[in-house]
Structures are given as structure tokens and as C-alpha cells.
There are 2 protein chains.
Amino acid sequence: MKTTWIREIKGNSPFSPVHFLAFLSLSVTNRCAGLVGVREAQGHSLDLRTTLTLTPGGARLELDLPEVEIQQAWPLQDVEALWERLGRPGEKCAAPLTEAQVAQVRDFLGLPEDPPGGPRGLALLSFFQLYLAILPRPVPATLRVTSQLPTGAGLGSSAAYAVCLSAALLRLAERGSAPDSVPSAEVSGGLSLKEVSGWAFRSEQIVHGTPSGIDNSICTYGGAVSFKAGCCSPLGAPPLRVLLVNTRVPRSTKALVAAVGARRSRLPEVVEPVLDAMDALAERALQTLSELSSAASPQQQDEAYAALHELVDINQALLASLGVSHASLERLVGVAAAHGLHAKLTGAGGGGLGMVVLGRDTAPEAVDKCRGELEAQGYQVWQTTLGAPGLTFH
Amino acid sequence: MKTTWIREIKGNSPFSPVHFLAFLSLSVTNRCAGLVGVREAQGHSLDLRTTLTLTPGGARLELDLPEVEIQQAWPLQDVEALWERLGRPGEKCAAPLTEAQVAQVRDFLGLPEDPPGGPRGLALLSFFQLYLAILPRPVPATLRVTSQLPTGAGLGSSAAYAVCLSAALLRLAERGSAPDSVPSAEVSGGLSLKEVSGWAFRSEQIVHGTPSGIDNSICTYGGAVSFKAGCCSPLGAPPLRVLLVNTRVPRSTKALVAAVGARRSRLPEVVEPVLDAMDALAERALQTLSELSSAASPQQQDEAYAALHELVDINQALLASLGVSHASLERLVGVAAAHGLHAKLTGAGGGGLGMVVLGRDTAPEAVDKCRGELEAQGYQVWQTTLGAPGLTFH
């Protein structure tokens, strides 16, 4: 095994700074019901990193995920027996598992059919599906994944996990192959980023049903990604300083999606123009981010930040008009406003996370005071940066 | 003088329950600038009454307005001299004063040209303009106007004042004429309501520059009034119980109008669809109020109230997206929501007033607790009813 030099693979979290993982999530998860259509969105990667440490060798396959309390090992011969039973899937052409094969894996792991055992069950199932499909044959290894991201908060922790797993397993599958001699944006550490993102998408399908593809793209490529008509493309957006704020209010994306869908059916003549306004706002946010990138002077930067902050405010109000805000998010917005700062919800809304988008020269005292007040009110706050690198190898 | 039997004339306050004196005010005052067009709105009268007591006779003309600290009397001969200087305006045909005549009245009252001395100056000027234009010749009288309405809070206190004055002066002008023998919706206490409302509109023009006509119409006719394309028509809407809440935050309608106009120029593709959504919402609110009127069972009423409350929530969020909310209004909305109630701003926003729209069977404890909490936070709260009668005589 020559892959010991790949010790860590970091995947970044996707994140939406101005438009709408909120809106996006609602759109996407509800696509089947046709209630809320997928429109467009932007995502930024978040500098809270997920780290996978891959240690090939030994006699077992071991998965260690302290955040979801998984530390489990399988004798390699058991994994090989499963691999035989499934018809040696990875040996053929790194094809995704079929429905029937996934059912067999679920049995092997002792997981219930639907839902497959909560976040722990989904994490195990994602891992095995990728392991069995990507590797040409079972190999012993220990994979340990830790994350600075809170799980289940709408920050794309599952996508970051899937990107790390895909990259590590693709590396394990290619053991011995030399890193690509021509570095390009599409290749990192000898791996095709497109392939990494594609496998992560498969994993996301297990966790989310109908993911948009934006989360895995952002985690893979980093920076900012524009999502439109089902396609993700990287954006040249600048890093944005934010306070990421956890309301600690559990959200039910499913219930929120249903409520927005119901409001849309009830009041189409009100909700449709609001969605139009949000689309236009997303487009304008793209433009503003690009102006921020190319701003030549601090004054131009400040102007672009002022424009961005106005979009943040409007976005939050429009999301509230759809019914996806929450008292805890409105309080967050109020605390930020009291310090002259601009906040919006992120993720699906209805609790979960919000963020305060800072400016070039936001007074550190205002940020500290805002953060202190939020923490005193029971919020969890991280000061971080959007637009960080995607997949990196160490 | 046979008019001693007209002791009191009550004018009601206009009020907007679902759509938007907020939006309306912005539209109207900004019409000249062409930034925000007049669209449509509804207004409800508010059961906080303004009372005028007319006492004809004596040797003076006396005006007593305790709310704006006016208690002033003019010897009748001074008023007669002014009347001569102006070319005996009222003697002709109850025509409005010309600009030049208004300037002479201002001089007589010792008021500065622009602005003519704040609320006190405007109240004096309105009174004299109506007195000199409506009466066929100066007659001695004492007029005392008191109000349950806060002044300058966007509740139409100036319109209620103008309606009372117009009715009293028209009555004084017709001294001796018998009340109309055929009562109709257009006639009250022998006066044409249309004429009362028309004169009140003239007075509103002095105070507001470009009033929409909705405030004077609601104060005159009572109930609910629909305003569309410049025309007011009475609506068959049911009375609505509300908590009317004064944030005690002074608002600057002018600054708000300018800010909305600027946002609209900056982000037309975002703001125009929001205005479309608000128009659709106003239309839907009309429909819901009519359903509420015709609801045959408590269950149907509750359904209509639920629909109305949803519209209140959406309306507030859309107003916030235009930038006309305020921290004090958002806190009010938050307190109401914490008690399961629905609140929105009214008037121009940016402070001023908000209201909590109650339902058929809103639990009295929830209302009391909400009210208590608001008062503890420094808000001023009235529990009242929208859709009260307009002009009445006692």
C-alpha cells in the first residue's frame, strides 16, 4: 500500500450566504411533489472542516465516527462474504449498487428498512454502499471521520462526509497509481474532482432522497458554487466573514416543506411573485459577489458589502413571508440588527441555523458584543469564513 | 340659532386591518415623485372616537383642542374683518379658498409659511380654511374637539378632526334648515356625507399635501372602505377585534418613503414582484373579509379568521422586505407570536403603530397576557374594534 501518504482528506461544508439553502432545500426535497420547483441558488463553502484519516492495512474494516457515536469494525472475511453475495460489484466498473444490493447491505448491517436507523444508520449505509461500489475488491482499512460541523443542522455535514469518503475510497481503489502529472482545477491529489463529487452525490441520495447536487459540489470544489437548472458551476466569489449561529431549535424540514407547499397552493397569486422576487434577488447577489471580488478600492468593497447586506435583509423577510422563519431566527435577526449587523436564516429554516454576514470593516466590538449577546441567550456561535477551499489532501 | 340640538359630532378614525395604510401612505405621499404608484388598499374605521362639541352663540369664535394644546379665541369683528379682506369667500358658494387667500389666513394667524407651525399650526389653518369657506358669513361659536386617538401616529386623527369640523360647520351654515326627511346612506343628520367627506378632503390636503381620500372617507362612512384606482367605496366587512399598539417610536414617513423609493430604483426586479404579491394579498384579504361576513357557522368563521391571520403574517413580512418595519414593530410581532397571535405594522411603519388582529374565539387570557407583556415593555395598547360607525350625531 503506497497510499499511506494520504493521511487526511478534508471536505468542506456547503453553505448559502445570500440565497437560500433554505429555499433550495425546500425546493429540492419537494421536487417530486411538484409543490415547490427548483429554481436557482448559490452556495458557499464554509471553513468548518470535516477530516477523514485513512489508515490502510490490518485485518478488518473499521469505521470510526465519533460525532454520531459510531465505532464499528467488521472482520474482512465477513465483508468479503457480503461482496461475494452481492455479485462482486466493485470488481466490474465502479457502478452504483442496485436497489436489491442496497437491501442486502441493510440486512448485513442489521438496519431497518425505512427509515434505516437515523443518522447512524444512514452514515453506515452510505459508507458501505460507497466502499462496495468503488473498491475493486475488499481491502482492510480504518477510516476515521471527525468534523467541526454540527450534524443535522442543514450545514451539509452529510455532504462533507460523503465527499471525504468518496475521495478516500477512490484513492484506496487506485493504490499504486501515480498522482496525475498535470494538475488542473478538475484534479486534486490525483483524483478527478468530478468523480469524487459524483460518488458523493450517490451517497447524498441515500441520506436525502433527492439532493440537489449543490452540497456535494461545494464540499468538493470549495469557494462558491452557482446552482441553476440542475447544474452546479464554480463561482469566483470572495471569502465572506460570518457568524454562524445555531438556534438549537430542532427543525423539521419535512413539515416546513409541507407548510410552504400548502401556502403556495392556497395563495399562488401571493407566493409566486415572492418566489420571482427571490430568484431576482439570487441573481443580484451573484452580481454583487462578483463586484465584491473585483472591487478595486476599500470604498468599492464597502459599497458592495452594503448592497449584499441589503439583500440579506430582504432575503430574510421574503423567507419569513413563506413561513420558514422561526421565533428563534427572528430574535437572532433582531440581536444582529441592534448591533447594526445583518442576519438571515440558512438551511431549511424553522429553527436550525442562521448567520450574520459581516462586512470588510465591521467593527470587531460590534461583532464581539453581538456574539456575546447571542451566546448569553443560548445560541451557539462560530466565527468563520465562507468560500474556503474544498477537498484538500494532507 | 336652532342648531343647539347638535351637540356632538363624532368622526371615526380610518384604519387598515390587513392591507396597508403603510403601503398606502407610502404610495400616496410619494405619488408626485412617481417612485411608488398608488395601487389598492382597504381601510377599516377604528372605534376610538373623536368628538366635537359645537356651541353656537357668544361674541367670539373659539377653538378648543386640548390634545394639541390649542385654546384660542378671536373677537368676531376680527374674523369679520379677515372675511372682508378675503373677498367674503363663504358668501358665494362654499368654494375652497385660493392659494392667495390661504396665505392671508396664515398671516392672520401669525403662522410661518412652510411648514405652517407644526400640528398646532396645521390644526388652526385647517379650521380657518373650512370656517371661512363653508359659512356664508362669520358667526360666533365655540368648537371643542377631543379625541381618543393619538395624534401623528398614522391613525388618521387629522381626518377624524377634519370630518368633525366639516360636519359641524356645514350644520352651522345650514342653521334653520330641517333635517332631510328622507334618510339615506348618503345623508346623516340632514347633511350630505359626500359633502362632509369632500370638505374634509380639502382639509387633509393642507395637512398631508396629497392625501389619498381614504382617511376622510372612512371617518365619514365608517365600517370598511375599499380604495382602488383613486376611488373609495364602502365594503360590507365585519367588525374586527384588535389590539392597537403604539411603539412610541417616532416615525418619519418622509424618510421611509424615500428609502422605499430608493430600494425600488436600486432593485426593481426584486421590489416590483413584492408589490405584486402585496396587491394580490390585498385582493385576497377583501375576499376573506367578505367570507367572514357571510360565515354561517362558528367553524366557517374560524376558517376565515385563520386565513386572515395568515395574510396578516405574510403582509408584515412583505412590508419588512420593503424596509418599512422597525425593531420595535418586530418585537411586537414576536410578543404576539409567542402568545399565538398575529400582528402587523400599520401606518407608514418604521415605528408608529402596529396591531394584533384577534379571532372569533381568541382566548381572553392570551390577549390579556400579550397586552400585559407589551405594556411591560413600554408599548401603549388599546383593545378596540375595527369597522365601527363613521360620522354620528348626538
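How many residue pairs are in polar contact across the interface of chain A and chain B? In this predicted model, the count comes to eight, with both partners at pLDDT 80 or more. Helix 10 of chain A gives the most, with 10 residues. Sorted by kind, the residues on the side of chain A that touches chain B come out as 13 nonpolar, seven charged and one polar.

Charged partners also meet across the interface: six salt bridges turn up between chain A and chain B. One of them joins A:Glu269 to B:Arg284, and here the closest N and O atoms sit 2.9 Å apart.

The same surface serves both copies, since 100% of the contact residues of chain A recur in chain B. In numbers, the contact draws 21 residues from chain A and 21 residues from chain B.

Now for the area. The size of an interface is often quoted as the accessible area lost when the parts come together. Between chain A and chain B, about 1,800 Å² is buried, and carbon and sulfur atoms give 64% of that. On chain A's side, A:Val270, A:Arg284 and A:Glu310 supply 28% of the area this chain buries against chain B, more than any other three residues.

Then there are the aromatic rings. Over all chains, the structure holds 10 aromatic pairs. Among them is the pair of B:Phe108 and B:Phe128, which is tilted, with 5.5 Å from centre to centre and 55 degrees between the planes. This pair links distant parts of the chain, 20 residues apart: B:Phe108 belongs to helix 4 (residues 99-109) of chain B, while B:Phe128 belongs to helix 5 (residues 118-134) of chain B.

Notes. Residues numbered from 1 in each chain as written. Chains lettered and ligands numbered in written order. Predicted model: local features only at pLDDT ≥ 70, side-chain atom pairs only at ≥ 80, totals over all residues. Heavy atoms only, no water. Contact = heavy atoms within 4.5 Å. Buried area = accessible area lost by both parts, 1.4 Å probe. Salt bridge = Lys/Arg side-chain N within 4 Å of Asp/Glu carboxyl O. Polar contact = N/O pair within 3.5 Å; in protein donor to acceptor, adjacent residues only side chain to side chain. Helix = DSSP H or I, 4+ residues; strand = E, 2+ residues; numbered from the N terminus. Nonpolar A, V, L, I, M, F, W, Y, C, P; charged D, E, K, R; others polar. Phe/Tyr/Trp six-rings, centres within 6.5 Å; stacked < 30°, edge-to-face > 60°.
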